[in-house]
Amino acid sequence: MKNSFLLFLYLISHCLLHAQDSNARFKQLESLQGTWSMQTKRGIIYESWIKSSDTSFAGKSFRVVNTDTLLLEEVRLVKRGNDILYIPTVRDQNNQQPVIFKLLPVENETFTFDNPLHDFPQRVIYELPKNGALHARIEGMDKGSYRKSDFHYKRVL
């Protein structure tokens, strides 16, 4: 009986600690808020984030070429229970359906979201902003070969 009670206390404390940890990690993502830009050969790409509730952020990525603006993707960052999910809907991909990536353990302020079943990418990675710069990366296997793309943004707003 005593061992069962100790196991029960351990499980409750472990769940509470994990919930507090996920709340702290989600709060860290507030530093993504704002608008970021990156110059490319095909025009300027912007990524913009707002906190839409206590448990979600809304993001979008778009390209500006001359005077045209083209939406590339919409993203939701959502805290569900103890999980943090990155949910993009990308133009002309996945039949316009969202794809869910789950946050892995955070290392050195680097947030890695994983979906090993997705065709490409299987990982979306964000390093928390430093000195007005944001580094994001997508990576994984694509048709049998490892591929990655880096996105180096500077804060606009």
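This report walks through a predicted model, from its confidence to its strands and its core.

Residues are numbered from 1 along each chain as its sequence is written. Local features need pLDDT of at least 70 and side-chain atom pairs count only at pLDDT 80 or more, while totals for chains, interfaces and linings use all residues; side-chain values use heavy atoms, with hydrogens and water left out.

The pLDDT (the predictor's confidence in each residue, from 0 to 100) averages 88 over the chain, and 87% of the residues score at least 70. Residues 5–20 fall below 50. Beyond near neighbours in sequence, that stretch has three contacts (heavy atoms within 4.5 Å) in the model.

Strands here are DSSP E runs of at least two residues, numbered from the N terminus, and two of them pair if DSSP finds at least two bridges between them. S3 (residues 56–65) and S4 (residues 68–80) pair antiparallel over ten bridges; for instance, Gly59 has Val75 in S4 as its bridge partner. Two residues sit between these strands in a hairpin, and Asn66 in the turn has a positive phi of about 55°.

S4 also pairs antiparallel with S5 (residues 83–90), over eight bridges. Here Arg76 is partnered with Ile87 in S5. This hairpin has two residues between its strands too, with Gly81 in the turn at a positive phi of about 60°.

## The core

A nonpolar core is a set of buried (under 20% relative accessible area, 1.4 Å probe, protein chains only) Ala, Val, Leu, Ile, Met, Phe, Trp, Tyr and Cys residues joined through side-chain atoms within 4.5 Å. The largest one has 24 residues, and Leu29, Trp49 and Leu77 are among those with the most contacts inside it. Elements giving two or more residues to this core include S4 and S5.

Leu29 touches Phe57, Leu77, Ile84 and Phe111, not counting residues up to four places away in sequence.

Key
Helices (H or I, at least four residues) and strands (E, at least two) are DSSP runs, numbered from the N terminus. Buried means under 20% relative accessible area, exposed over 50%, partly exposed in between (1.4 Å probe, protein chains only).
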